[in-house]
Amino acid sequence: MATPKFKMSRSNTRHRRSQWKADNTQLQEVKIDGQTVRIPRRLVKAAQLGLVDVEQF
């Protein structure tokens, strides 16, 4: 694991943290019970099996 050699200033620390951005989840169109819904890909199989309520999406 990398260890810091020098103390990093508070300004530099916060500036570095502010560069990270989260991506929006990719939605996939799936036909469930005759209606097309857009849900995250990780929930497709659970929605097809009826484990997840798709009306909330």
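In what order do the elements of the protein chain run from the N terminus on? The order is α-β-β-α. That makes 2 helices and 2 strands. Both kinds of element are DSSP runs numbered from the N terminus: helices are H or I with at least four residues, and strands are E with at least two.

Before the details, some ground rules. This is a predicted model, in which local features need pLDDT of at least 70 and side-chain atom pairs count only at pLDDT 80 or more, while totals for chains, interfaces and linings use all residues. Residues are numbered from 1 along each chain as its sequence is written, and side-chain values use heavy atoms, with hydrogens and water left out.

Now the overall shape. The C-alpha trace of the protein chain spans about 60 × 20 × 15 Å along its principal axes. Its radius of gyration is 21 Å, whereas a compact globule of 57 residues would be near 10 Å. That radius is taken over C-alpha atoms, and the globule rule is 2.2 Å times the number of residues to the power 0.38.

Next, contacts, meaning heavy atoms within 4.5 Å. Among contacts with a separation of 6 or more, residues 24 or more positions apart account for 0%.

How much of the chain is buried? The figure is 19% of the 57 residues. Buried means under 20% relative accessible area, exposed means over 50%, and partly exposed is in between, using a 1.4 Å probe and protein chains only.

Thr-13 sits in helix 1, residues 10–17. Thr-13 has a relative accessible area of 14%, so it counts as buried. Its side chain reaches the backbone oxygen of Ser-9 at 2.9 Å.

Asp-33 lies in the loop between strand 1 (27–32) and strand 2 (35–40). Is Asp-33 buried or exposed? Asp-33 is exposed, because its relative accessible area is 79%. The phi of Asp-33 is near 55°, a positive value in a residue other than glycine. Most residues other than glycine have a negative phi.

Leu-49 belongs to helix 2, residues 44–49. With a relative accessible area of 61%, Leu-49 is exposed. Leu-49 and Ile-32 are 17 residues apart along the chain, and their C-alpha atoms are separated by 9.6 Å.

Note on methods: A polar contact is a pair of N or O atoms within 3.5 Å; within protein, one must be able to donate a hydrogen and the other to accept it, and residues adjacent in sequence count only if both atoms are side-chain atoms.
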